[in-house]
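I opened the model to look up its helix, its core and its charged pairs. My entries follow in the order I made them.

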Amino acid sequence: MIPIEHRDDELRFDVRVTPKAKRAKIGGRHADALRVAVTSPPEDGKANAAVIQGLAKFFKIAKSNISICSGQASRCKRIAVRSMTETELRDRLRDVIDA
């Protein structure tokens, strides 16, 4: 399972982003990070916005509850999620990592 860190009222975990993918997809694992593929290019924050939008849709929460803590210019990013319990987050991640 991907490590999840508690910080204040957030849950944080790592993602590995593949920009300019043929199709958007969330699933799989890269080391200790969740794989996220987006069709947007990595320019002007387009890929970052697509990552947030894709994760919000996947977790079924508002985009405002997801942020990128670090790695804005990198493929490896640290994501912060609010308004979910650790159990809910782990259950959703388990669905796409163990599949």
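**Entry 1: helix α1**

I checked the length of α1 first. Its 14 residues at 1.5 Å a residue should span 20 Å, and the end C-alpha atoms are 20 Å apart, so the two agree. The expected span is 1.5 Å times one less than the number of residues. Helices here are DSSP runs of H or I with at least four residues, strands are runs of E with at least two, and both are numbered from the N terminus.

For the record, this is a predicted model: local features need pLDDT of at least 70, side-chain atom pairs count only at pLDDT 80 or more, and totals for chains, interfaces and linings use all residues. Residues are numbered from 1 along each chain as its sequence is written, and side-chain values use heavy atoms, with hydrogens and water left out.

Next I asked which residues of α1 are buried. I found Ala47, Asn48, Ala50, Val51, Ile52, Leu55, Ala56, Phe58 and Phe59. Buried means under 20% relative accessible area, exposed means over 50%, and partly exposed lies in between (1.4 Å probe, protein chains only). An α-helix has 3.6 residues a turn, so residues three or four places apart point the same way.

What do these buried residues pack against? I listed β2, β3 (25-30), β4, β5, β6 and α2. Just after α1, I noted that Lys60 takes a positive phi of about 60°.

**Entry 2: the core**

I picked Leu34 and listed its contacts, leaving aside neighbours within four places in sequence. Contact means heavy atoms within 4.5 Å. Among the partners of Leu34 are Ile2, Phe13, Val15, Ile26, Leu55, Leu93, Val96 and Ile97.

**Entry 3: rings**

I searched for aromatic pairs and got 2 in the whole structure. Rings of Phe, Tyr and Trp (its six-membered ring) pair if their centres lie within 6.5 Å; planes under 30 degrees apart count as stacked, over 60 as edge-to-face, and the rest as tilted. Phe13 and Phe59 have ring centres 6.2 Å apart and planes at 85°, so I logged the pair as edge-to-face. Phe13 sits in strand β2 and Phe59 in helix α1, so this pair ties together parts 46 residues apart in sequence. Both Phe13 and Phe59 are buried.

Ring pairs link Phe13, Phe58 and Phe59 into a cluster. I also found Arg92 over the face of Phe58, 4.2 Å from the ring centre. The test asks for NZ of Lys or CZ of Arg within 6 Å of the ring centre and within 35 degrees of the ring normal.

**Entry 4: salt bridges**

How many salt bridges does the whole structure hold? My search found 8. The cut-off is a side-chain nitrogen of Lys or Arg within 4 Å of a carboxyl oxygen of Asp or Glu.

Glu5 bridges to Arg78, with the closest N and O atoms 3.3 Å apart. Glu5 lies in strand β1 (residues 5-7) and Arg78 in strand β6, so the pair ties together parts 73 residues apart in sequence. Glu5 is partly exposed at 28% relative accessibility, and Arg78 is partly exposed at 22%.

Arg29 and Asp32 meet at 3.1 Å, N to O. Shared partners join Glu5, Asp14 and Arg78 into one network.

Arg12 pairs with Glu10, the closest N and O atoms being 2.8 Å apart. Arg12 is in strand β2. Is Arg12 buried or exposed? Its relative accessible area is 15%, so I marked Arg12 as buried. Glu10 is buried too. Beyond four places in sequence, Arg12 contacts residues including Glu5, Cys69, Arg78 and Ile79.

**Entry 5: two loop residues**

Ser40 is in the loop between β4 and α1. Its relative accessibility is 19%, so Ser40 counts as buried. Ala73 is in the loop between β5 and β6. Ala73 has a relative accessible area of 87% and is exposed.
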